[in-house]
Structures are given as structure tokens and as C-alpha cells.
Amino acid sequence: MKKIRTLLLMMGFMAVMTSCTMTLPVAATANDFGNKVGTAKATVIIGLFFDQDASIKAAAANGGITKISTVDVKQTNILNLFVTFETIVTGE
């Protein structure tokens, strides 16, 4: 019984300490793929937003992109305490 309890506690600890990262496509256009990449990031800590801009417009400006070809969003989640949203824009 003690071994089962220890195993369950270890499994619970491992489940709590994991993080998840997902990158999802948002949009694609008929423009050429291009070689420029721009990113914009915003972080949420314990449900609190700070003055950050993770918009497509900000990501394009950061990469010097005028013709957007693809837009992806990457979300990293650690225990729902620290969540990061990153917009990734490619184009010319």
C-alpha cells in the first residue's frame, strides 16, 4: 500500500510539473514565403496581463515585414501560472 501511495504521489508531482507548448497556424496568404521572420510576445503571470503587444501588426513591425505570408501563434503554459503567447509572422 505504501508503494502504491508513493507511486501515485510521484505521478501527481510529475503531472503538476509539466508544461505544454503548442504552435498553431492562424493564417496564410498568397504572398511569397519570404525570408523575414518577426515575433511579438506577451506573458500572463497568475492571470495578470501586463502592457504587452503580441499582435500580428507588432510582430510584422518587429521583423520589418510589409507583405505577410504566414502567421503562427505559439502558446507555452506552465501550470496555468505562467502563460506566454508568441505571434510569429513570416513574409517579405
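Modeller: Start at one pairing: I45 stands opposite L48 in β3. Keep in mind that this is a predicted model.

Biologist: Which strand joins to β3 there, and how do the two run?
Modeller: That is β2, joined to β3 (residues 48-49) by two bridges. The two strands run antiparallel.

Biologist: What sits between β2 and β3?
Modeller: A loop, and I46 is found in it. The hairpin of β2 and β3 has two residues between the strands.

Biologist: What is phi like at I46?
Modeller: Phi of I46 is near 50°, which is positive, and the residue is not a glycine.

Biologist: Why point that out?
Modeller: Because most residues other than glycine have a negative phi.

Biologist: Is I46 buried or exposed?
Modeller: Exposed. Its relative accessible area is 61%, and the cut-off for exposed is over 50%.

Biologist: Back to I45. What does I45 face in β5?
Modeller: I45 stands opposite F82 in β5.

Biologist: How many bridges join β2 to β5?
Modeller: Ten, and β2 and β5 run antiparallel. One more pair to look at: T39 has I88 in β5 as its bridge partner.

Biologist: And what about β4 and β5?
Modeller: Ten bridges join β4 to β5, again with the strands antiparallel. Look for V71, whose bridge partner in β5 is V89.

Biologist: Which residue has a positive phi in the hairpin of β4 and β5?
Modeller: L79, with phi near 60°. That hairpin has three residues between the strands.

Biologist: How much of β5 is buried?
Modeller: Seven of its ten residues, so β5 is mostly covered.

Biologist: Let's zoom out. How many helices and strands are there?
Modeller: Two helices and five strands. From the N terminus on, the order is α-β-β-β-α-β-β.

Biologist: Is the protein a compact globule or more spread out?
Modeller: More spread out. The radius of gyration is 19 Å, whereas the globule rule gives 12 Å for 92 residues.

Biologist: What does the C-alpha trace span?
Modeller: About 65 × 30 × 15 Å along the principal axes.

Biologist: What share of the residues is buried?
Modeller: Buried residues make up 22% of the 92.

Biologist: And the accessible surface?
Modeller: The protein's accessible surface comes to about 6800 Å². Carbon and sulfur atoms account for 65% of that.

Biologist: How many charged side chains, positive and negative?
Modeller: There are 8 positive and 6 negative side chains. The centres of the two sets lie 19 Å apart.

Biologist: New topic: α2. Which residues of α2 are buried?
Modeller: In α2 (residues 56-63), the buried ones are A58, A59, A60 and G63.

Biologist: What covers them?
Modeller: The cover includes β2 (36-45), β4 (68-78) and β5 (82-91).

Biologist: Tell me about G63. Why does G63 count as buried?
Modeller: Because its relative accessibility is 19%, and buried means under 20%.

Biologist: What is G63 in contact with?
Modeller: Leaving aside neighbours within four places in sequence, G63 is in contact with K36, V37 and G38.

Biologist: And how far is G63 from T39?
Modeller: They are 24 residues apart in sequence. In space, their C-alpha atoms are 6.8 Å apart.

Biologist: What comes just after α2?
Modeller: G64, which takes a positive phi of about 65°.

Biologist: What about the other side of the helix? Where does S55 lie?
Modeller: S55 lies in the loop between β3 and α2. At 26% relative accessibility, S55 counts as partly exposed.

Biologist: Which residues is S55 in contact with?
Modeller: A40 and T87, once neighbours within four places in sequence are left aside.

Notes:
Residues are numbered from 1 along each chain as its sequence is written. This is a predicted model: local features need pLDDT of at least 70, side-chain atom pairs count only at pLDDT 80 or more; totals for chains, interfaces and linings use all residues. Side-chain values use heavy atoms; hydrogens and water are left out. Buried means under 20% relative accessible area, exposed over 50%, partly exposed in between (1.4 Å probe, protein chains only). Helices (H or I, at least four residues) and strands (E, at least two) are DSSP runs, numbered from the N terminus. Contact means heavy atoms within 4.5 Å. The radius of gyration is taken over C-alpha atoms; the globule rule is 2.2 Å times the number of residues to the power 0.38. Accessible areas come from the Shrake-Rupley method with a 1.4 Å probe; for residues, only the protein chains shown count as cover. Lys and Arg count as positive and Asp and Glu as negative; His and the chain ends are not counted. The place of a charge is taken as NZ of Lys, CZ of Arg, CG of Asp or CD of Glu. Two strands pair if DSSP finds at least two bridges between them.
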